[in-house]
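Here is a protein chain to go through by question and answer. Each reply sets a value against its cut-off.

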Amino acid sequence: MKEFAISIPYKEYEYTELDNLSAVLVEEARKATYRSYSPYSHFRVGAAIALDNGQIVCGANQENAAFTAGTCAERSACFYAGAQYPEAKFEAIAIAARTPEGTFQNVPVAPCGHCRQALMEYETRAGRPVRVLLVGKDRVYELASVKDLLPLAFTEF
């Protein structure tokens with residue numbers, strides 16, 4: 001038997017340390033949380049995706065009484081970007097969340113498994129890593145690639 005370990009490098013930034021594009025994405029993701037429709041969980045999530053054509057596309061979670069009929073912020077942004085700009089490639093995504101009390105999460109929150117797989121598909125389509133910015137109240141985690149969120153993913157690259 002052989003034993004292995006997977007480690008995921010990431011960077012932690014304060015808001016004042018972000019580059020311009022990252023700062024814009026973070027702010028757009030935070031704004032998108034206010035467009036969340038979450039009457040059941042009261043957990044408001046927003047996502048903002050930078051495309052290589054210069055567009056920024058946002059999404060917010062949308063819940064439904066039939067829980068599986070709802071969608072997460074990350075997938076609503078992904079699918080909108082894919083439908084509106086089918087030739088554009090993803091460059092980066094920022095994800096922010098607010099608590100049921102309405103405050104931003106102290107610690108950045110990562111996407112669910114469904115969203116990780118959906119984002120992996122768009123990273124594969126892009127043919128290059130897509131940066132991930134996980135937004136917390138006072139800090140942002142940066143991962144170099146969606147693949148860092150989904151190690152051992154089934155992909156072609």
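Q: Why is D52 called partly exposed?
A: D52 has a relative accessible area of 37%. Buried means under 20%, exposed over 50%, and partly exposed in between (1.4 Å probe, protein chains only). D52 is therefore partly exposed. This is a predicted model: local features need pLDDT of at least 70, side-chain atom pairs count only at pLDDT 80 or more, and totals for chains, interfaces and linings use all residues. Residues are numbered from 1 along each chain as its sequence is written, and side-chain values use heavy atoms, with hydrogens and water left out.

Q: What makes D52 and R128 a salt bridge?
A: Their side chains meet at 4.0 Å, N to O. A salt bridge needs a side-chain nitrogen of Lys or Arg within 4 Å of a carboxyl oxygen of Asp or Glu, so the pair counts. The pair links distant parts of the chain. D52 sits in the loop between β2 (44-51) and β3, R128 in the loop between α3 and β5 (131-135), 76 residues apart. Helices (H or I, at least four residues) and strands (E, at least two) are DSSP runs, numbered from the N terminus.

Q: Which residues are linked with R128 in a network of salt bridges?
A: D52 and E91 are linked with R128 in that network. E91 forms a salt bridge with R128, with the closest N and O atoms 4.0 Å apart. This pair also links distant parts of the chain: E91 is in strand β4, 37 residues from R128. R128 has a relative accessible area of 30%, so it is partly exposed. E91 is partly exposed too, because its value is 32%.

Q: How do you know that K31 forms a salt bridge with E28?
A: The closest N and O atoms are 3.3 Å apart. Both residues lie in helix α1 (residues 20-32), 3 residues apart, about one turn of the helix. K31 is partly exposed because its relative accessible area is 40%. E28, at 22%, therefore also counts as partly exposed. The structure holds 5 salt bridges.

Q: Why is A65 called exposed?
A: A65 has 58% relative accessibility, so it counts as exposed. A65 is in the loop between β3 (56-60) and α2. Its C-alpha atom is separated by 39 Å from that of N20, 45 residues apart along the chain.

Q: What makes the span of helix α3 close to the expected one?
A: α3 (residues 113-126) has 14 residues and reaches 20 Å from its first C-alpha to its last. The expected span is 1.5 Å times one less than the number of residues. That gives 20 Å for α3.

Q: Which residues of α3 are buried, and what do they pack against?
A: C115, A118, L119, M120, Y122, E123 and A126 are buried. The buried residues of α3 pack against α2 (73-84) and β4 (90-98). G127 follows α3, with a positive phi near 75°.

Q: How do you know that the radius of gyration agrees with a compact globule?
A: The radius is taken over C-alpha atoms, and the globule rule is 2.2 Å times the number of residues to the power 0.38. With 157 residues, the rule gives a value near 15 Å; the chain has 15 Å, so the two agree. Of the 157 residues, 44% count as buried.

Q: What are the elements of the chain, from the N terminus on?
A: They run β-α-β-β-α-β-α-β-β. The total comes to 3 helices and 6 strands.

Definitions and conventions. Contact = heavy atoms within 4.5 Å.
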